[in-house]
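Me: Here is a model I want to go through with you. I will ask what lies behind each label, and I want the value set against its cut-off.

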Amino acid sequence: MPVHPLRLRLIFDYQKQTEQSVIKQANLGTFYRFINSKLSCKSGVGPLKAPSGDITIDGPVKAELLNNYFASIFTVDDGKLPLFNQRVKNDVFMSHIDFSSCDIAKVIANLKKNTRTVDPHGFNNIFIKCQRFVLAKPLSMIYSYIFSTGTIPDAWRTANITPVHKKGVSSHITNYRPISPTSLFCKIFERIVKQQMLTYLQSNELITQEQYGFLSKSSTSAQLLDCVNDWTLLLRKSYSADVIYFDFAKAFDTVSHPKLIHKLRAYGFCETLLDVLCDFLKNHTQ
């Protein structure tokens, strides 16, 4: 339905008055906030600046710019494996994952209630959650079979990349990070594997008590409380404390797959489980 010319004229006049008002204020902060608001786009990715300095609003061109940037972050493995001694005895290992219907139903129940995001195959969390008791048994059988083959389905290797603005100027591609929604059924599979691998690591005391990230009931807040407590005790005893912070920028994207597998093997992961982990890291597309 075409927009009435009078309405377009009124919109144009309103925008013109707003811009003139900003200029008349002669306030640099107000001016830059107004400009930045025009460069951002709440309904998606706004205008982007190409390496040549040109600003583009063309969808396919923006997609290509972001794709090239995200691909450039990854590092190429140098082919050298680090010296990493075996962390467990020969009789301590993990090679199997149990995909019980009960565990699958629990994982599905804990999925976020997000009705807007769909996976590459058109499924969303709310649909899966509603059907969890129906799906649990068939998924148990399917997952067990997939695991026994040591490979994952090719359909699980495709992700729909969504660029999310982090901070700074929204027209700079370096200020975006990729969110990669993959198959929901693959995510359920991943969480079952992760839970049992984590149980194995914790039961064999392979994770240090100083590890706070990526663990249930642990957080950066808990880590900070522990640090403050240690620093306070040192100050009471008139000791000095040196604090060193390391910031691994884009750490996940720079993880070497061969080196990761090399270390997993040293922790006792082997046979079919290791085959699945190796295959999971191969041939992903976006």
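Me: Why are α4 and α7 called roughly perpendicular to each other?

Reply: This is a predicted model. In it, helix α4 (residues 101-109) and helix α7 (residues 184-203) pack at an angle of about 110°. Angles of 65 to 115 degrees count as roughly perpendicular. The value falls in that range, so α4 and α7 are roughly perpendicular. Their axes are 10 Å apart, and the crossing of α4 and α7 is right-handed.

Me: Which residues meet where α4 packs on α7?

Reply: On the α4 side, D103, I104, V107 and I108. On the α7 side, I188, R191, I192, Q195 and Q196. By class, that contact has five nonpolar, two polar and two charged residues.

Me: How do you know that α9 and α10 are roughly antiparallel?

Reply: Again from the angle. Helix α9 (residues 257-266) and helix α10 (residues 271-280) pack at about 165°. Over 145 degrees counts as roughly antiparallel. The pair is over that cut-off, so α9 and α10 are roughly antiparallel to each other. The axes of these two helices are 11 Å apart.

Me: What is the handedness of the crossing of α9 and α10, and which residues make the contact?

Reply: The crossing is right-handed. From α9 come I261, L264 and R265; from α10 come L274, L277 and C278. Five of these residues are nonpolar, none is polar and one is charged.

Me: What makes F123 and F185 an edge-to-face pair?

Reply: Two values do. The ring centres are 5.3 Å apart, and rings pair if their centres lie within 6.5 Å. The planes stand at 80°, and over 60 degrees counts as edge-to-face. Therefore the pair is edge-to-face. By the pairing rule the count comes to eleven aromatic pairs.

Me: Why can the pair of F123 and F185 be said to tie parts together?

Reply: F123 lies in the loop between α4 and α5 (125-130), while F185 is in helix α7.

Me: Which residues do ring pairs link into a cluster?

Reply: F99, Y143, F147, W156 and F189.

Me: What makes the phi of A26 worth a note?

Reply: Phi of A26 is near 55°, a positive value in a residue other than glycine. A26 sits in the loop between α1 (5-25) and α2 (28-39). Its relative accessible area is 70%, over the 50% cut-off, so A26 is exposed.

Me: What is the phi of K217, and why does K217 count as exposed?

Reply: Phi of K217 is near 65°, a positive value in a residue other than glycine. K217 is placed in the loop between α7 and α8 (220-236). Relative accessibility there is 86%. That is over 50%, so K217 counts as exposed.

Me: Why does T30 count as buried?

Reply: T30 is at 17% relative accessibility, under the 20% cut-off, and so counts as buried. T30 lies in helix α2. Leaving aside neighbours within four places in sequence, T30 is in contact with V22 and Q25.

Me: What about D77: buried, exposed or partly exposed?

Reply: D77 is at 29%. That value is between 20% and 50%, so D77 counts as partly exposed. D77 is found in the loop between α3 (59-73) and α4. Not counting residues up to four places away in sequence, D77 touches S256, P258 and K259.

Me: Why does N110 count as exposed, and what does N110 touch?

Reply: Relative accessibility of N110 is 61%, over 50%, so N110 counts as exposed. Its place is in the loop between α4 and α5. N110 touches K129 and R191, not counting residues up to four places away in sequence. N110 and K129 are 19 residues apart in sequence and 8.4 Å apart in space, C-alpha to C-alpha. R191 is also one of the α7 residues that meet α4.

Note on methods
Residues are numbered from 1 along each chain as its sequence is written. This is a predicted model: local features need pLDDT of at least 70, side-chain atom pairs count only at pLDDT 80 or more; totals for chains, interfaces and linings use all residues. Side-chain values use heavy atoms; hydrogens and water are left out. Axes are lines fitted to C-alpha atoms, for helices over the stretch in contact, and angles run from 0 to 180 degrees between N-to-C directions. Helices (H or I, at least four residues) and strands (E, at least two) are DSSP runs, numbered from the N terminus. Angles under 35 degrees count as roughly parallel, over 145 as roughly antiparallel, 65 to 115 as roughly perpendicular and the rest as oblique. A crossing is left-handed if the near helix is turned anticlockwise from the far one by less than a right angle, and right-handed if clockwise. Contact means heavy atoms within 4.5 Å. Ala, Val, Leu, Ile, Met, Phe, Trp, Tyr, Cys and Pro count as nonpolar, Asp, Glu, Lys and Arg as charged, and the others, Gly among them, as polar. Rings of Phe, Tyr and Trp (its six-membered ring) pair if their centres lie within 6.5 Å; planes under 30 degrees apart count as stacked, over 60 as edge-to-face and the rest as tilted. Buried means under 20% relative accessible area, exposed over 50%, partly exposed in between (1.4 Å probe, protein chains only).
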